[in-house]
Structure formats: C-alpha cells, structure tokens
Amino acid sequence: MSEQQNVYPVREDIAANAWADEATYQAMYQQSVDDPEGFWAEQAKRLDWIKAPTKIKSTSFARDNVDIRWFEDGQLNVAANCLDRHLEKRGDQTAIIWEGDDPSESKHISYRELYERTNQLANGLKELGVGKGDTVTLYMPMIPEAAMAMLACARIGAVHSVVFGGFSPDAVAQRVIGADSKLVITADESVRGGKQVPLKDNVDAALTREGTNVCQNVLVVKRTGGEIEWKEGRDLWFSDLVDKQSTECEPEAMGAEDPLFILYTSGSTGAPKGLKHTTGGYLTFAAMTHQYVFDYHEGEVYWCTADVGWVTGHSYIVYGPLANGATTLMFEGVPSYPTHGRLGDIVDKHNVNILYTAPTAVRALMAHGDNVMDSSKRDSLRLLGSVGEPINPEAWEWFYRVIGNEKCPIVDTWWQTETGGIMISPLPGATPLKPGSATKPFFGVQPALVDNEGNLLEGATEGNLVILDAWPGQARSIWGDHDRFVQTYFSTYDNMYFTGDGCRRDEDGYYWITGRVDDVLNVSGHRMGTAEIESSLVAHSAVAEAAVVGFPHDIKGQGIYIYVTLNDEIDPTDELKKELTQWVRKDIGPIASPDVIQWAPGLPKTRSGKIMRRILRKIAANECDGLGDTSTLADPSVVDELIEHRVNK
Ligand code: 6R9
C-alpha cells in the first residue's frame, strides 16, 4: 500500500459480527464472477417469488443486440416483498421513522401501517383507472406518502416516475410527457429549511404546457394546508380518495422484467433520459447491496439522507431497506436547519446506527468547524456511508473524526442511476479503507479501465471506467428509446458498459473515481448536463451563444461556470446576469443556478466550429498557464480576452 496516505484496517469489532469478512468477500466475489448463474440463482432466493425463476441470466452488451434480462421467467411483486412478507415477524416494528423539517415533528410507521396505507392507496389508484403498465409521476416532499405512492404503484404493476421536488414546472411537464403519465401525485407544498415550496402550483403550471393533457388526475397530499388552486374534476385530495378504501389489495403478479420505475437523469447530450428499471433483478440487487454494504442487522436504525427524487432514495431509502425489513429514516428537511447540528441531533433523537450521506453535506458542515456537532453525541452510530461524488480525503477524515467519533468505518459507494445499486464500495467487515477511494467491486461487478480506444489497461493505472458484464440491478433501457440507450452506454467501447467516469486503480487494486469524463456536471452530488443548461440559456432572447463548464468548488464539488455571448446591441449588465440566473432556475430548477456568468464576446472554437471546452474548463478553474495546444483555434485571440475578463469566484 502506498505510504503517504492513511489506511484504516478493518475494525475487529465490526468484522466479528459482519455479514462478510475478508475471506468471505474474496470467496463470494470469485464465485460471483466464475459462476454468475449459480451465484445469482442463490441470491434471488432472498426474495419471495410468486413463481421462482429458472432462467437466471440472459444478457448481451453487443452493440447490435443490447439485451439485458435477469430471472426472466420468474414472477413476483415488489411491494409484497417490501411489506407483506414482513407482517408476521415484524408487523409492529417500525418501517419508516419520519423526521419533519420542524424538529418537533416526527412519527413512526410500523410495517403493518405501511402495508395497510399502501394497499388503500393502491385501491385508490385502481379507482382512478390506473392499472398494470400505466405510468404515474410523483412530485412529492420527503414524506411517508412518497414511499407509499411508490409501493402502491409497484403493488398494482403501475410504473412510477419520481421527479425531484426541486425541479421546475417545465421539467415536470417534460417528464409527464416523456412517460405518458395519466396521474401526478403531489402535495400542496413541501417544507424545507422552514420555507415552503409550492409543489401543487408547479404541477398546475406544468400541466398548462402543450402535450401534458395525457394527465387526467392530480392527487394532492395535504402537507401544509397552504393555499392552492383547485381544478374540479382533475384534482383530488389524497385522504378523500384513500381513507375510504379497503386495507387489503391483492398484489399483481409481475414478470421479473416488467418495469418497476422510470427515473430521469442527465447525460452529456440532449434532454434528460428516463432510465427503465425492472423488478426482479433490481430488487435482488438493491436488497443484497443494502445488507452487505451497510452490514445491516436486524433491529438497526438506518438513515439515508438522499431525496426520493434521486436513485439513492429509490434504492436505499425505500426498496433495499424495506425489502430487508429494516427501519429506514426519512428526513423532510435540510442539514442546516434550524441549526448546523441538525444531522447529529437526529442521530441522537432516533438512535441512528447507520448514516449514509453525501460529500457535499459533509463539506458544508466542515466549513463550520469541529464544534458544529457539539449539540449531539452520536454514540449510536456504527457505520457511515458516502455517495454522489468523489469524497476528498480531507472531508473523509473529518467525517470519520467529527461525525463518527473515530469509531465508524466509512463506506464510499460508487454507483449511478443507471446501475440501480452500489457497484464499488468497501464492505465494513472485509475491506481496509483508504480515504477517497471507493475501494473494491461488489459481488458480480467486473470493473475495468480502458484507454480512449477501448484497450483494456492492466495493473496500477488510470483510464475510463467500464463494466465488463451485466449485473441484476442495471437499467434495461431508456424509456421509449432503446437506440439512445445503446448509443449512450454501449457504443463507445465494444461489449462494455461505459460509465462516463474516469478512474484510477492503485497497486492494491483499489478504485479511485476521478469524476466525469463527459459533459456531465456533478454539483452537490446532482447530475446535470451542460447541454441542458446551454439550451435553456440560448432560449433567452438576449443570448446568442452559451457554453457551460464545471469548476472546482469547495462545498459543491463542482460549480457551474457559464460563458455567454450576447446578441448584438444587448448591454452586458449585472441586471442581465441576474435575469439569466433566474431564467435558468425557473427553466430547470434551483439546482442549476449558475455560480459564475462571464460575458464572452467570442468562444474558443475549432475551424470546424466546435467549442473547445477543454480551454473553457481551464480558464474557469484558473489554470490559465496550462492551456495546451490552441493552434487549432479559428481565432486564438478570444482566449486572451476570456482570460483577461475571467470572473473570480
Ligand atoms: C448514486 C448516484 C452518478 C455519478 C457517477 C459519478 C458520481 C456517485 C460516487 C461518485 C465518486 C462516489 N458518483 N457516487 N463519484 N465516488 N462514491 O449518485 O447516481 O446521480 O446517477 O450520479 O455520480 O460521477 O457517474 P447519479
């Protein structure tokens, strides 16, 4: 192992009781790649099947035939796996601990209550004419009804598409249209950090957009009682529909390859794409990773701070934990409200054992100093997790020392919306930790590094991260556009899934993700395509051209740096910068807020007219000395002009 950096050996107290120690990990990993059929046939038994699968793996990554099927002749119901099968043993155990934005509000929902309420909602959905194969868009706060809505869809075979509550009406409209949703489930308002977000108003605005008339009903949870508009015939109160329903609802028998959900995510080109996840393989993988990576044991309280609008919320707030009969904590608010000690306060209040959060949250707390957590002890914590972006070793060490009291291993989990579940991560009882490294592949995952021509690279090296063979949790397609799926993930390199990430492998075979190698930004762990922000900007009448790049940001990981060329006769004023900022926020959502806007009389382009982003990234990062070869530029002088007027942030 390299000398310069700290290595944290596996803790004996953790290994003694862990699902996998080092030898078990090695043996199971080897079996998972030598005999995937046998390995996953065994793992599928962790689920209750209506009809057990006999065909285990039928997968091809060949670009002319990308076809991924797992357990394809099996039948099951995901909601029944997350609810019904737990009733006998743990009907009275808490399934969801809900912690409100306001620290005085919280509640415990038992498995039985969750089962009954989900069934009532499922029956309500049926009454609205929603059935197997229909899509439902969810635009909801972090409240238990969000989990109930996901599970109710799963129960009747409807496909949910959760849209993050921070997205704009246009983003909601785009996704309602893309998924052809006949129903939207939302709330009057959400509450975060003491502020209301007008979810229902946003849905109303979304549904005025052309093409959204596929949507027939809007189901509204009363969260705040805030004032909203009401469209008779279309809008319904959640409780009016649900309270009167039976608490029993027969779960629909679903094929293992029937869709469970669509989740939109940003890519390097075009509009966000709706990844399609299916039932049997996804749930097997979500449940197994949740058990092993978080070393989850019966009775523990597990908390993932993500939002259900992201894949992390799907797999590790709802499906993985509930499939395992865990107690999962759902937090409505933000870590900084009412004080910066809130995360620790919640840990103490609910005796949280496992805390899974994002590097950006850790860095934001770290900025307030070591005393930021003084209001809590956090003695209940046993394990910490990180996800969403690379965690810098400094933030890792702070997380370990200040939040975890130097006794909790940290699992740095690398994965993607596309992968459905965790792909590269330590296992707490098996893997010595190196701060900043996601370490080793999970069972059945075969990562590799390739150069730009797709040649496999061996040993300690750096390259593009690919995965060589299929795993059960992976997305099967892009909703309605399989060609785009093939094009995006299986065409860059032959017979490999391309992740879009760059990565280094060290002499111990540890993987270190270095960040995206495509035009995707990662701002506070949120994925965003530069193309999406650019197309929003050029739709503004003052803008002739725009180029968006990421730059290193202390807290967010990456910030958004925008170069804008204005139309002739338009004055480059500060007011206009504010207007453009608002424009993007309104168009995409607050998460796409520009950090820097620089007026660019010209952009560096090749003679064929391609914007040289490499140069724009360097200028944004203030690395103007190492611009490399600019001789292919049509007009090299624009670079000097941009450097001269670079905006410091
Ligand atoms: C789960 C999730 C995926 C992208 C991924 C990568 C980055 C996620 C990471 C990480 C380094 C980690 N990423 N986890 N980079 N270390 N532990 O975040 O999904 O929103 O689709 O983002 O996030 O760049 O490609 P998603």
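Begin by selecting Tyr-25, Tyr-29, Phe-39, Trp-40, Trp-49, Trp-70, Phe-71, Phe-285, Tyr-292, Phe-442 and Phe-443, which ring pairs link into a cluster; rings of Phe, Tyr and Trp (its six-membered ring) pair if their centres lie within 6.5 Å, and planes under 30 degrees apart count as stacked, over 60 as edge-to-face and the rest as tilted. This is a predicted model, in which local features need pLDDT of at least 70 and side-chain atom pairs count only at pLDDT 80 or more, while totals for chains, interfaces and linings use all residues. Residues are numbered from 1 along each chain as its sequence is written, and side-chain values use heavy atoms, with hydrogens and water left out.

Across the whole structure, a search finds 36 aromatic pairs. Select next Tyr-8 and Trp-396, a tilted pair with 5.0 Å from centre to centre and 40 degrees between the planes. Both Tyr-8 and Trp-396 are buried, that is, under 20% relative accessible area (1.4 Å probe, protein chains only).

Then select Tyr-282 and Tyr-319, whose ring centres are 5.8 Å apart and whose planes meet at 85 degrees, so the pair is edge-to-face. Tyr-282 is buried, with a relative accessible area of 1%, and Tyr-319 is buried at 0%.

Move on to the ligand, where an oxygen atom is 2.8 Å from an N or O atom in the side chain of Arg-516, and where a nitrogen atom is 3.1 Å from a polar backbone atom of Gly-388.

Finally, select Lys-222, which lies over the face of Trp-237 at 4.8 Å from the ring centre.

How values were computed. Polar contact = N/O pair within 3.5 Å; in protein donor to acceptor, adjacent residues only side chain to side chain. Buried < 20%, exposed > 50% of the residue type's maximum accessible area, 1.4 Å probe, protein only. Lys NZ or Arg CZ within 6 Å of the ring centre and 35° of its normal.
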